[in-house]
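Please read it with the sequence and model in view.

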Amino acid sequence: MKIEIDKNGFYGKFGGAYIPEMLYPNIEELRDSYLGIIEDEDFQKKFYDLLKDYVGRPTPLYFAARLSEKYKAKIYLKREDLCHTGAHKVNNTIGQILLAQKLGKKRIIAETGAGQHGVATATVCALMGMECTVYMGEVDMERQKPNVERMKLLGATVVPATSGSKTLKDATNEAMRQWINNPVDTHYIIGSVVGPHPYPEMVAKFQSVISAEIKKQLQEKEGRENPDIVIACVGGGSNAAGAFYHYYNTPGVRLVAAEAAGLGVSSGKSAATTALGKLGILHGSRTLLMQTEDGQVVEPHSISAGLDYPGIGPVHAHLFDVGRGEFVAVEDKDAMKAGVELSKLEGIIPAIESAHALHALNQIEYKPDDVIVINLSGRGDKDLETYIKWGEY
Amino acid sequence: MKTENRIDTLFRNKQKNVLSIYFTAGYPKLEDTVPVMEAIEAGGADIIEVGMPFSDPVADGPTIQESNKIALDNGMSLKKLFAQLAEMRKTVSLPVILMGYLNPIIQFGVEKFCQKCQEVGVDGLILPDLPMQQFLDEFKEVFSRFGLRNTFLISPQTSDERIKAIDEHSDSFIYMVSSHSITGAKSGITQEQERYFERVGQLGIQNPRLIGFGISDHESFTKASKHAHGAIIGSAFIKVLNNASPESLNNDIGIFIKGIKNGEYDYTSKA
C-alpha cells in the first residue's frame, strides 16, 4: 500500500481537518496555497539557502564506530542535534515563516512542549523581524526554564497555558484559541506533523530534507541510498516523518518509531499512543489518541517533555495501522540509560527525546551487517537538569 | 420530507427575540443538569443548549473551559448525561440541543449516540469541530435517520459563498459567531459586528439565524436580535450558575433570563 495523503488530507483513515468554522478560512487558504508557494523556485532557493547558511545543513551523517561495535551493526547517526537551535525543529519553522511572509501575515503564534519548537519559532521570528507569541504549558515552563529564557532573549512573548494538564496539548489548545481570536493577521506555526490538514503534510515536507540528505550521504558512504532500518522517536512525530519521508514507499527499508512508554506502557504514566490510543479527534485531525472510555483525552507522561503528547501525527497512525512502521515503546529509565551510553561511547549528549530512538536498538531484531540510521533529533543541553536528577552516569 | 421537530415549531411561531441559553451538563453540581433545564424553561427562554463537557474545548474561553473541567471532575460523561436526560421530556418542553466536541461522541459510538438522543428527546446538535464537508461525508445520514438537526457556525470571516452553501445544508438555525473569538472573549456589539450581521441578513438565507459569542446582557441581546431571529447566551449564564448558591440557583436563573428579556437586572452585581 502506498503511503501518501489523499485530496481530503487523509492518510488512510487518519487526518482530515476537524476545525471550528472560525478557522476555516485560514485552513482553506493554507490548503489551497501552500503547495504552490513552497514548490515555487524562488521559495525553494530562499528555503535551502537559509537551511545551508543559517541552520548549518546538511547535517552530518556520522558513522558511530563505537556504538556500532557494541550493537554489532553499522550504525549511522543523522546529526539533527547540530542544527542551529539544537534540534530538527528549525527546518520546519524556517519553511513556515517564509510561507507566512508570502501569505502577508504579520504575527506568529506557536505552541511548544519541551521548548525546542518555541525556541526555533522565536529564532526565525527574530531573523525575519516578526512579532512572536509562544504558548507553553505552565508545567513545561517550570521543567524547561532555560528554553523559556531563550525564547524571551530572542524577543518572543511566552504565555503560560494554565488549563488541563498544563503541558503540550494544553499549549496547543491555547494557540488554537488565540488563532481563532486573531485569524486575519496571524499565522500559527504548528511544530509537529499534527493538527488539521494541511499541517501534517506541510510540516513533513519541510522536515523531509532529513531523509533527502540521508539518501545522498548514505550513497557516498555506503554506495547505497537505502539503509536497512531508520529509527526515530515519535511524540507528534515531526523528526520521524522527516527521517522516514523518502522511505515511506521503499519496502526494503524498515521504519522504526520509538514512542515514550514513561514508567511503563501499562503503568498509567505513559505516552505510548499506538499501544494505548484509540481512534479519536484532537487538534483538528482524526488519529490515534490516548483517552478514557468516555472520550476525554488523558494526560500523558514522559520524562521527555517533547514526547509528552496524547496523540500522534496521522501519518504515523497510518504507518502503524497498515503495518508499515514498527512501533516500540521505550521507558523513561531505558531512554536515560541510552542517553548516558551515547554520551560515554561517542561523546554526544543526546536530547532525551532522541535517546528513546537510541534505546530502540535493544528492542528490535536486526542482522549483524544491517545498516541502521538513527535520527538524532536534538542535543541534550536542554536536558542537563534531567540528566543530573537521574544521576546514574 | 422531514417530520417537524421542536426547533421547526419554535421558529414557525417566533421570528424575533428568540433566546437560547447554553450551560454545561453536570455543572455546577453533577445532578443539576435537569433542574437547570427546568429553571431555564420556567424563566422564559426558548431553546436549551446542553454542553457535553470535553477535556480540550478549543473553541471555548476560560469560563466555559472551567465549567467543562468542573463537570468532568463531578463525574459527568455521555453515559451519565443520557441517564439524566431519560425523563426530561416529562418536565421540559423546549427544544433541546446538545453542544460539544466530536471525540466523546466518536468514543461513545456515533450511531448509538444519535439513537440515545432520539430516545430521550433531543432535537439537535451543535458540534463546533464538525465542519460542513465532514458532516456531509460522515454524519449527515445518521443524524437525519434519528431526526437530529445539525446547526452550523459561521463567523465574520466566512465568505458569502460558503454561508450560502452552509445554509443549503442546514435544517436547523445558523449559529452566527459574533466576532473573531472564542466563547466569552468579548462583550458588547461593535459597529463592525453590526455591519457583518447586516451583510448576512441581506444574503437571503433560508434558515433562521441566532447570534452567539459575546452576548451577555439585555443590551447586547436586543442589538443582536435586531439583526437576527435572536441570540445565544453561554458564558454569562455560566457565571450566574457559578455565583448562585444551591438554594438560590432556581431563582437566580429566573431573574437572569427575565433580565435579559426586559432589561431589569443588575449584571454588575452578579457577574
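The points below take up the interface, the salt bridges and a nonpolar patch in turn.

This is a predicted model, in which local features need pLDDT of at least 70 and side-chain atom pairs count only at pLDDT 80 or more, while totals for chains, interfaces and linings use all residues. Residues are numbered from 1 along each chain as its sequence is written, chains are lettered from A and ligands numbered from 1 in the order in which they are written, and side-chain values use heavy atoms, with hydrogens and water left out.

**Interface of chains A and B**

- Contact, meaning heavy atoms within 4.5 Å, joins 36 residues of chain A to 35 residues of chain B.
- The buried area, which is the accessible area (1.4 Å probe) that two parts lose on being put together, summed over both, is about 2900 Å² between chain A and chain B, with carbon and sulfur atoms giving 54%.
- On the side of chain A, E21(A), M22(A) and R177(A) lose the most area to chain B, together 24% of what that side buries.
- The rule for salt bridges (a side-chain nitrogen of Lys or Arg within 4 Å of a carboxyl oxygen of Asp or Glu) finds 3 across this interface, and E138(B) and R286(A) meet in a salt bridge at 3.1 Å, N to O.

**Salt bridges within chain A**

- Over all chains, the structure holds 44 salt bridges.
- E326(A) and R254(A) meet in a salt bridge at 2.7 Å, N to O; E326(A) lies in strand β13 (residues 325–331) and R254(A) in strand β10 (residues 254–262) of chain A, so the pair ties together parts that are 72 residues apart in sequence. Strands (E, at least two residues) and helices (H or I, at least four) are DSSP runs, numbered from the N terminus.
- D383(A) and K382(A) also meet in a salt bridge, at 2.8 Å, N to O; D383(A) is buried at 3% relative accessible area, and K382(A) is buried at 12%, where buried means under 20%, exposed over 50% and partly exposed in between (1.4 Å probe, protein chains only).
- R57(A), K78(A), E80(A) and E213(A) are linked in a network of salt bridges.

**Nonpolar surface patch**

- L384(A), I388(A) and Y393(A) form a nonpolar patch with about 340 Å² of accessible area together, a patch being made of residues with over 30% relative accessible area and no salt bridge, with nonpolar side chains (Val, Leu, Ile, Met, Phe, Trp, Tyr) joined within 5 Å and like charges within 9 Å.
- I388(A) lies in helix α16 (residues 384–390) of chain A and counts as exposed at 51% relative accessibility.

Key: Areas by Shrake-Rupley, 256 points an atom, 1.4 Å probe, with all protein chains shown as cover.
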